[in-house]
Amino acid sequence: MKRRPQMALVHMVSLTFLKKPDLQCRFQTSQRPTAPLGSRILTDPSRVFEHNMWDHIQWTPEQEDLARQKAEENSSVKLSMEEQVRFDKDANRYWDEFYKAHQNKFFKDRRWLFMEFPELLPQKTHKYNEIDLESKSTSILCSHVSLQTQTKLDGIIRTHATTTFETPQIADSVERTRTNEGMKLDDKKQDQQWTDRLKDQGYFPGTDFTFKIFEVGCGAGNSVFPILSKICDTSTFLYCCDFSACAVDLVMSHPLYNASKCYAFVHDLCDEASSTYPFPDGSIDVILLVFVLSSIHPERMQMVINRLSKLLKPGGMILFRDYGRYDMSQLRFKKGRCLFGNFYVRGDGTRVYFFTKEEIAHIFISAGLKEVQNLMDRRLQVNRKKKIAMHRVWVQCKYQKPFTADLN
């Protein structure tokens, strides 16, 4: 009896969307439709079980109201403040346990990334990549790189360096010691050139690459490896980080991990004291933020986006995708799993928030970014074997860092 309201919603959502949206239909049977957000439109409910997914599902006011009632019902009983503090304090442990339990088998590789986010490929980006802004600001950017992060060299750079220099002074000291020990002249010259390059140009992992992508919250690499397979023949470098050290270990131990094209590191977005990165502010072309912000406490979301926006080059973009309000996974929560509002804790201790377009717009625009795309992606996910249809809701957005002229 307890499942009846939920099953009624699934049935209602899956079989009563008779409005025909004003979208161009393109039915394909062998593969996912083309982007943006797909184009497989369900106009005949009798065909609902012909595909695993239908795009651009239109909700009626009755469906929206039923979903709202269900969310209000399952959030009516909230966890105590002590429990909320515990889940916040131990968030790192819960994500580590998640990846230890599931390894890289829980999520599928995101092959859809390049359909929805062609900006991930250098040749698909906007004209700002053709503007010589980087060369004018190199000296300024390098001044912001800490001495420690300058020495975290990528795979290519490591092949040229025989010693890690934490400071220019230490580098000079090591140079003198090796000279006194009878270093060969050619090795001495090579190391001296390398030391000078470190000090003068502020080297950091991937510094020689013309296009830089940073994935925040990489998990076990479900975006990392599809991206690496696409950028192998380009001058593109990928940075990726995660809150969980276990997740980063899974990425770095993967047979497809390529240290000459990728740099993975552990990072806590919410820890302002450790907000340094192995690259300078203003050096990133694209930041990928997929199903990550929803796991962060809502009170910290603005701070996180403010910090990430500083990493972008002028004209750089944040590509965002996350859970939307009244997604199936929100309506499935039982009473007693709500922390507050639309913020819940799963059975494994990890947390999730469900966004509206307006909330996302406020966060990103408040961080000084310009809206390029802000869409509510409503789809019908179908289990053809069990004859079950489930309504999925995601928010997909693109926000761009303005040029100096735009800021003025």
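At what angle do helix H4 and helix H12 pack, and how far apart are their axes? I get about 40 degrees and 7 Å for H4 (residues 91-102) and H12 (residues 245-253); axes are lines fitted to C-alpha atoms over the stretch in contact, with angles from 0 to 180 degrees between N-to-C directions. Helices (H or I, at least four residues) and strands (E, at least two) are DSSP runs, numbered from the N terminus.

Housekeeping: this is a predicted model, where local features need pLDDT of at least 70, side-chain atom pairs count only at pLDDT 80 or more, and totals for chains, interfaces and linings use all residues. Numbering starts from 1 along each chain as its sequence is written, and side-chain values use heavy atoms, without hydrogens or water.

Next I searched the whole structure for aromatic pairs and got 21 (ring centres of Phe, Tyr or Trp, its six-membered ring, within 6.5 Å; planes under 30 degrees apart are stacked, over 60 edge-to-face, the rest tilted). Phe 320 and Phe 355 are edge-to-face, because their planes stand at 80 degrees, with centres 6.0 Å apart. I note that they sit 35 residues apart, Phe 320 in strand S6 and Phe 355 in the loop between strand S9 and helix H15. Phe 355 also pairs edge-to-face with Tyr 353, at 5.0 Å and 65 degrees. Tyr 353 and Phe 355 are both buried (under 20% relative accessible area, 1.4 Å probe, protein chains only; exposed is over 50%, partly exposed in between), and Phe 320 is buried too.
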